Amino acid sequence: MLPPSSRVTSKAHGGSDTKCPVTVKILDAVKGTPAGPMVLNLYQRTADGGWTQVANGMTDASGEIHNLITEQKFLPGVYRVDFDTKSYWKNEGSVPFHEVTNVVFEAHSEGHRHYTLAMLLSPYSFTTTALVTDVQH
């Protein structure tokens, strides 16, 4: 059993965040550490198929970003998160293959949800997964 000081509480980073509609977590696969800081931008698809930026932010030292967008602004639709991986790797002293990586997903197609996007990143590859949580109002 973990000592009380190392247990994760619901308010700590690393757990499920029930207050943020979109949470992002990025890990550096080369160093085995959180990837931060990294700039990211959130876009929503427009009716004509284009994209409108609705939020932006930067991961913190834990490789996470919370409160990227408010519940009121996170409407049903298709979203794209662009990650500035090139700048991150250049700051780490590496030459990356990707200029930008992104994740495109449809939000709220089956009711109100919260989304945690996780990315495992190296200079030449990335993989993503998502945790989608029902939200009770």
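Helices (H or I, at least four residues) and strands (E, at least two) are DSSP runs, numbered from the N terminus. The exercises below concern a predicted model, in which local features need pLDDT of at least 70, side-chain atom pairs count only at pLDDT 80 or more, and totals for chains, interfaces and linings use all residues. Residues are numbered from 1 along each chain as its sequence is written, and side-chain values use heavy atoms, with hydrogens and water left out.

**Exercise 1. State the pattern that the chain follows along the sequence, and describe the chain as a whole.**

Step 1. The chain holds 1 helix and 9 strands. Read along the sequence, these give the pattern β-β-β-β-β-β-α-β-β-β.

Step 2. Of the 137 residues in the chain, 39% are buried; buried means under 20% relative accessible area, exposed means over 50%, and partly exposed lies in between (1.4 Å probe, protein chains only).

Step 3. The accessible surface comes to about 8100 Å², and 54% of this area belongs to carbon and sulfur atoms. Such areas come from the Shrake-Rupley method with a 1.4 Å probe; for residues, only the protein chains shown count as cover.

Step 4. Contact means heavy atoms within 4.5 Å. Among contacts between residues at least 6 apart in sequence, 59% join residues at least 24 apart.

**Exercise 2. Determine how β8 pairs with β9, and how β6 pairs with β7.**

Step 1. Two strands pair if DSSP finds at least two bridges between them. Strand β8 (residues 113–122) and strand β9 (residues 125–134) are antiparallel, with 10 bridges.

Step 2. A hairpin of 2 residues links β8 to β9, and L120 stands opposite T127 in β9.

Step 3. Strands β6 and β7 also run antiparallel, joined by 7 bridges. The bridge partner of V78 in β7 is E106.

Step 4. In a regular strand the side chains alternate between the two faces of the sheet.

**Exercise 3. Characterise the aromatic pair of Y88 and W89, and identify which rings R80 lies over.**

Step 1. A pair of aromatic rings is described by the distance of the centres and the angle of the planes. Rings of Phe, Tyr and Trp (its six-membered ring) pair if their centres lie within 6.5 Å; planes under 30 degrees apart count as stacked, over 60 as edge-to-face and the rest as tilted.

Step 2. A search of the whole structure finds 6 aromatic pairs. The pair of Y88 and W89 has 5.0 Å centre to centre and 75° between the planes, and is edge-to-face.

Step 3. Y88 is buried because its relative accessible area is 3%, and W89 is buried because its relative accessibility is 2%.

Step 4. One aromatic cluster is formed by F74, Y79, F105 and Y115.

Step 5. A charge sits over a ring if NZ of Lys or CZ of Arg is within 6 Å of the ring centre and within 35 degrees of the ring normal. R80 lies over the face of Y43, 4.4 Å from the ring centre, and its charged end also sits over the ring of W51, 4.9 Å from the centre.

**Exercise 4. Describe the surroundings of G36 and the peptide bond from G36 to P37.**

Step 1. G36 is found in the loop between β2 (33–34) and β3 (39–45), and P37 has its place in that loop between β2 and β3.

Step 2. The peptide bond from G36 to P37 is cis, with omega near 0°.

Step 3. G36 is partly exposed because its relative accessible area is 23%.

Step 4. Not counting residues up to four places away in sequence, G36 touches T59, D60, G63 and Y88. The C-alpha atoms of G36 and D60 are separated by 5.4 Å, although these residues are 24 apart along the chain.
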